[in-house]
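Let's walk through this model together, one question at a time. Have the sequence and the 3D view at hand as we go.

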Amino acid sequence: RSGTGKEMIARAIHYNSLRKDQPFVTVDCNTLSQDLLESELFGHIKGAFTGAVANKRGMFDIANNGTLFLDEFGNIPLSTQAKLLRVIQEHEFRAVGNTATQKTNVRLVTATNKDLKAMVVAGTFREDLYYRINVFPIHSPALRERRDDIPALAFHFLKIFCNELDKPVTEISEGAMSLLVNYDWPGNVRELENTIQRAVILATDHIIRQAHLANVIENTPRPDLEVPRTSDELKRIKKIAREKSVEEIEKLFIQETLKRNASNVTRSAEETGMQRANFQALMKKYNIRVRDTEYDSGATDPA
């Protein structure tokens, strides 16, 4: 499946093995033509083809003694599959345009979202190569099928983006985590990663809150909405859904801002860059009163 975290699994295998101090190299087999893919994997010598102005090392050479991760492995052409089979069997390869062989000692990890067994039957994937790589298969299901992994992944990405963005966000609120765990994640791990990155950017203190997860809120199925039967009903219900999403975000926006500012309306308005009257208008719209907002008992009186 696309975006299910195949590279994360490959990295986990590498960094928890005896090869962890050696190179971890990735190649996306879906983005290169056959000639470029072979040059990327095996390298080439100067003059091997038009544009080969210098010798180039291949990934089997660069990843020597480490791990080579080949993503979208099912897209490799048959002719290149034959050369890969030789590398796996003989632990040697030839750079494009060269007659000399090079030895390599790599752990090969491959990933695909295609049915390789069906491709073997169809004649588009070599049977001998299939059995060579199918030593220890790992099925990576969609993220919605392994919801227990979501908290650990969320905090993993949180740590990464806090370091990248230099922001002291260390926590995910209970409500925000509930949204993350219950969302179906059609984009799998990649979507979760992007969501956490966006939330870290939006966070104004050390906590990611529900209001920072707009895409999750907007796309979570609403049990209170009827299922449309006609296009007109669909338009009407979509309008209702959009309005409900906006209302929910606005309400969370006001509530969380008041909490951060100990229910002080003036400070809350200043923090958000809103006029105090506009901030109060939103409070009135959602019937939010300062006495309903939790704040520290030692805080000064709300203004």
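Predicted model: local features only at pLDDT ≥ 70, side-chain atom pairs only at ≥ 80, totals over all residues.

A residue is called buried under 20% relative accessible area, exposed over 50%, and partly exposed in between.

Q: Which residues of helix α13 are buried, and how wide an arc do they cover around the axis?
A: Helix α13 spans residues 276-285, and its buried residues are F279, L282 and M283. They lie on the same side of α13, because the arc they cover around the axis is only 105°.

Q: How many salt bridges does the structure hold?
A: Side chains of opposite charge can pair when their charged atoms come close. A salt bridge is counted when a side-chain nitrogen of Lys or Arg lies within 4 Å of a carboxyl oxygen of Asp or Glu. The number of salt bridges in the structure is 14.

Q: How many residues apart are E38 and K83, which meet in a salt bridge?
A: The side chains of E38 and K83 meet at 2.7 Å, N to O. This pair links distant parts of the chain, with E38 in helix α2 (residues 34-42) and K83 in helix α4 (residues 78-90), and the two are apart by 45 residues.

Q: Is E38 buried or exposed?
A: Its salt-bridge partner is K83, and K83 counts as partly exposed at 40% relative accessibility. For E38 the relative accessibility is 6%, and the cut-off for burial is under 20%, so E38 counts as buried.

Q: Which strand holds K56, the salt-bridge partner of E40?
A: The side chains of E40 and K56 meet in a salt bridge at 3.1 Å, N to O. The pair links distant parts of the chain, 16 residues apart: E40 belongs to helix α2, and K56 to strand β3.

Q: Which residue forms a salt bridge with E92?
A: E92 is buried because its relative accessible area is 14%. The closest N and O atoms of the pair are 2.5 Å apart, and the partner is R86.

Q: Which residues gather with K238 in a patch of positive charge on the surface?
A: K238 has its place in helix α11, residues 231-260. It counts as partly exposed because its relative accessibility is 44%. Gathered with K238 in the patch are K235, K239 and R242.

Q: What is the area of the nonpolar surface patch made by V135, F136 and I138?
A: V135 is found in the loop between α6 (127-133) and α7 (150-165). It counts as exposed because its relative accessible area is 67%. Together, V135, F136 and I138 make a nonpolar surface patch of about 380 Å².

Q: How far apart in space are K20 and G66, C-alpha to C-alpha?
A: K20 is found in the loop between α1 (6-15) and β1 (24-28). K20 and G66 are 46 residues apart in sequence, and their C-alpha atoms are apart in space by 7.4 Å.

Technical notes: Residues numbered from 1 in each chain as written. Heavy atoms only, no water. Patch = residues over 30% accessible without salt bridge, like charges linked within 9 Å, V, L, I, M, F, W, Y side chains within 5 Å. Areas by Shrake-Rupley, 256 points an atom, 1.4 Å probe, with all protein chains shown as cover. Lys, Arg positive; Asp, Glu negative; His and termini not counted. Charge placed at Lys NZ, Arg CZ, Asp CG, Glu CD. Helix = DSSP H or I, 4+ residues; strand = E, 2+ residues; numbered from the N terminus. Buried < 20%, exposed > 50% of the residue type's maximum accessible area, 1.4 Å probe, protein only. Arc of directions from axis to C-beta.
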